[in-house]
Amino acid sequence: MGHLKHRDLNAHRERLRDQVAHALRAALISGELRPGQIYSAPGLAEDFGISATPVREAMLDLVREGLVEPVRNKGFRVTEVNERDLDQYTEIRALIEIPMVGRVTRTATREQLEALRPVAEEIVHAAREHDLIGYLEADRQFHLSLLALSGNERLVETVSDLRKRSRLYGLTGLDENGELIPSAEEHLELLDLMLTGDAKKAEKCMARHLGHVRSLWAKGDEAS
């Protein structure tokens, strides 16, 4: 009770559960819901002004994503991600995404790559407008759509899961300091390199981008 800022949820829409899950992810990103803390479905439901059932269902969705864990007779604890976890997630992503960028550079058509430009531009726009949810959604769409050009659906699913588990802490502070904009602009740089057909330079750009993301996580932990 009293944990979250007011968010307007349309209770008449069929997928209220999805709306609640989206709002909870936003609260995790902003730091309103803190790592290690336990929150009850009834308490959060009171914040939303709805019944506890869709909140409980949404929390179970977040459990499957690794964002929270159930605590018997109490509620749900926000999962804590430590430095070792973040290092391992980054290492796995690098093993997958760097060579895949090289492969896609060599195999994708110009039209397929250009189709990603509006998403890359949306990442930059969201960073400049301080739209953190929009930033992360566009960033997710760009990276997963890029990987999808490899034709390997299981690979896309794996990276999607890693991204959920390595959500950014302290993102609000990074946004306030303008540190998200350089990372956002790297997506356009990567796309331009891929369009030139230079797979090696594209791979180096992706490696630098993932390193940049990892440094943002570290700063986010310090800010939180």
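1. A nonpolar core is a set of buried Ala, Val, Leu, Ile, Met, Phe, Trp, Tyr and Cys residues joined through side-chain atoms within 4.5 Å. In this structure, which is a predicted model, the largest such core has 31 residues, and those with the most contacts inside it are Leu-113, Tyr-135, Phe-142, Leu-146, Leu-190 and Met-194. At least two residues of this core come from each of the helices α4 (83-107), α6 (117-128), α7 (132-148), α10 (180-196) and α11 (199-223), and the largest share, seven residues, is supplied by α10.

2. When residues up to four places away in sequence are not counted, Leu-190 touches Val-101, Phe-142, Leu-146, Ala-202, Cys-205 and Met-206. There is also a second, separate core of 23 residues, which includes Ala-27, Ala-41, Phe-76 and Val-78.

3. The next point concerns the packing of α7 with α8. Helix α8 comprises residues 153-165, and α7 packs with α8 at an angle of about 155°, their axes lying 9 Å apart. Angles over 145 degrees count as roughly antiparallel, and α7 and α8 are therefore roughly antiparallel to each other. The crossing in which α7 passes α8 is right-handed. On the α7 side the contact is made by Leu-136, Asp-139, Arg-140, His-143, Leu-144, Leu-147 and Ala-148, and on the α8 side by Leu-155, Val-156, Val-159, Ser-160 and Arg-163. Sorted by class, the residues of this contact between α7 and α8 are seven nonpolar, two polar and three charged.

4. Helix α8 also packs with α4, and the axes of α4 and α8 come within 10 Å and cross at roughly 145°, in a crossing that is left-handed. From α4, the residues Tyr-89, Ile-92, Arg-93, Ile-96, Glu-97 and Met-100 meet Leu-155, Thr-158, Val-159, Leu-162, Arg-163 and Arg-165 of α8. The contact of α4 with α8 contains seven nonpolar residues, one polar residue and four charged residues.

5. Leaving aside neighbours within four places in sequence, Arg-93 is in contact with Ile-98, His-143, Val-159, Leu-162, Arg-163 and Leu-210. Among these partners, His-143 belongs to the α7 side of the contact between α7 and α8, whereas Val-159, Leu-162 and Arg-163 are residues of α8 that take part in the contact with α4.

Technical notes:
Residues numbered from 1 in each chain as written. Predicted model: local features only at pLDDT ≥ 70, side-chain atom pairs only at ≥ 80, totals over all residues. Heavy atoms only, no water. Buried < 20%, exposed > 50% of the residue type's maximum accessible area, 1.4 Å probe, protein only. Helix = DSSP H or I, 4+ residues; strand = E, 2+ residues; numbered from the N terminus. Contact = heavy atoms within 4.5 Å. Axes fitted to C-alpha atoms, helices over the stretch in contact; angles between N-to-C directions. Parallel < 35°, antiparallel > 145°, perpendicular 65-115°, else oblique. Left-handed = near helix turned anticlockwise from the far one by under 90°. Nonpolar A, V, L, I, M, F, W, Y, C, P; charged D, E, K, R; others polar.
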